[in-house]
Protein chains: 2
Amino acid sequence: METINIPTQTFKALGDPTRQQILGLLSDQELTIAQVAGHFDMTRAGVKKHMKILEEGRLITVRPKGRERLNSLNRDGFSAVADWVGYFDQFWDEKLNALKALVEEDLK
Amino acid sequence: METINIPTQTFKALGDPTRQQILGLLSDQELTIAQVAGHFDMTRAGVKKHMKILEEGRLITVRPKGRERLNSLNRDGFSAVADWVGYFDQFWDEKLNALKALVEEDLK
DNA sequence: GACAAGTAATACCTTTTGGTATCATATTGG
DNA sequence: CCAATATGATACCAAAAGGTATTACTTGTC
């Protein structure tokens, strides 16, 4: 049996509107925490907590540049979600096959 | 600009291990709330709440059968997640194109 | 050392999670 | 048909987790 690891932390990270917006911002360009905070009515500390959750969900990565730390999207988390959803594609395939078998049985 | 609606409720529904397990059970067969509760150390009322969240995330549907109500997977939620992830695929494409452009610039 | 970015600690409030209790409804047996 | 039973829906409550603001501390660059 083929198993798949469930990206719980990734889904949790995605289940918040603020974090979704942050991802949207980062899809344009990499940003510091202060720059992200500039787009919201929120303190740097508040943004930082969301960034940590996004990082734990492997949706962003951080790289130092001078005295700043630039945050950018990380493909890992997105791939994990895509894989997980793909796993359930089996289900729909089997369901369609079962339906097809039923129909063919009817035609006999 | 092409927009995409963000399935927040769906991600929220997916961000819980118990609900993920429930989806796994339902990928085998449709089940009543009582049957789902049989797989967990949880009351029917507790399970019911998870089912409601899954339903709001369009991950399951319910159909009545006698005095029972059978729960099964709903493709809508899964499709929404797939679409959303697909939207971010653009990002990786653009990033690769930018990289390619840089490399070609270098070769001049 | 001064400044700006980042991080840590704390407190407050809201949301989520799960339990118990209760009620309505549908089925089944007598 | 009526009583007993099983299912599921809902209301209320307590504990836990999550979100935000405030304040203060650390670190890196100039």
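Begin by selecting helix 2 of chain B, where B:Thr18, B:Arg19, B:Gln20, B:Ile22, B:Leu23 and B:Leu26 are buried. Buried here denotes under 20% relative accessible area, exposed denotes over 50%, and partly exposed lies in between, with a 1.4 Å probe and protein chains only. Helices are DSSP runs of H or I with at least four residues, strands are runs of E with at least two, and both are numbered from the N terminus.

The model is predicted: local features need pLDDT of at least 70, side-chain atom pairs count only at pLDDT 80 or more, and totals for chains, interfaces and linings use all residues. Residues are numbered from 1 along each chain as its sequence is written, chains are lettered from A and ligands numbered from 1 in the order in which they are written, and side-chain values use heavy atoms, with hydrogens and water left out.

**Stop 1: the start of helix 2, chain B**

Select B:Asp16, in the loop between helix 1 (8-14) and helix 2 (17-26) of chain B. Which end of helix 2 does B:Asp16 cap? The N-terminal end: a side-chain oxygen of B:Asp16 lies 2.9 Å from the backbone nitrogen of B:Thr18. A polar atom of the B:Asp16 side chain also lies 3.1 Å from the backbone nitrogen of B:Arg19. Polar contacts are pairs of N or O atoms within 3.5 Å; within protein, one must be able to donate a hydrogen and the other to accept it, and residues adjacent in sequence count only if both atoms are side-chain atoms.

B:Asp16 is buried and has no salt bridge, the nearest side chain of opposite charge being B:Arg19 at 4.4 Å. For charge, Lys and Arg count as positive and Asp and Glu as negative, while His and the chain ends are not counted. A salt bridge requires a side-chain nitrogen of Lys or Arg within 4 Å of a carboxyl oxygen of Asp or Glu. Not counting residues up to four places away in sequence, B:Asp16 touches A:Thr8 and B:His50, contact being heavy atoms within 4.5 Å.

**Stop 2**

Move to B:Ser27, in the loop between helix 2 and helix 3 of chain B. B:Ser27 has 18% relative accessibility and therefore counts as buried. A polar atom of its side chain lies 2.6 Å from the backbone oxygen of B:Gly24. Which residues does B:Ser27 contact, leaving aside neighbours within four places in sequence? They are A:Phe88, A:Phe91 and B:Leu73.

**Stop 3: the salt bridges**

How many salt bridges are there over all chains? The count comes to two. In chain A, the side chains of A:Glu30 and A:Arg63 meet at 2.6 Å, N to O. A:Glu30 lies in the loop between helix 2 (17-26) and helix 3 (33-38) and A:Arg63 in strand 1, so the pair ties together parts of chain A that are 33 residues apart in sequence. A:Glu30 is partly exposed at 30% relative accessible area, and A:Arg63 is partly exposed at 38%.

In chain B, select B:Glu30 and B:Arg63, whose side chains form a salt bridge of 2.6 Å, N to O. This pair links distant parts of the chain, with B:Glu30 in the loop between helix 2 and helix 3 (33-38) and B:Arg63 in strand 1, 33 residues apart. B:Glu30 is partly exposed at 31% relative accessibility, as is B:Arg63 with a relative accessible area of 39%.

**Stop 4: positive phi angles**

Most residues other than glycine have a negative phi. Select A:Arg58, in the loop between helix 4 (44-56) and strand 1 (60-65) of chain A; its phi is near 55 degrees, a positive value. A:Arg58 is partly exposed, at 35% relative accessible area. B:Arg58, in the loop between helix 4 (44-56) and strand 1 (60-65) of chain B, has a positive phi of about 55 degrees. B:Arg58 is partly exposed at 36% relative accessibility.
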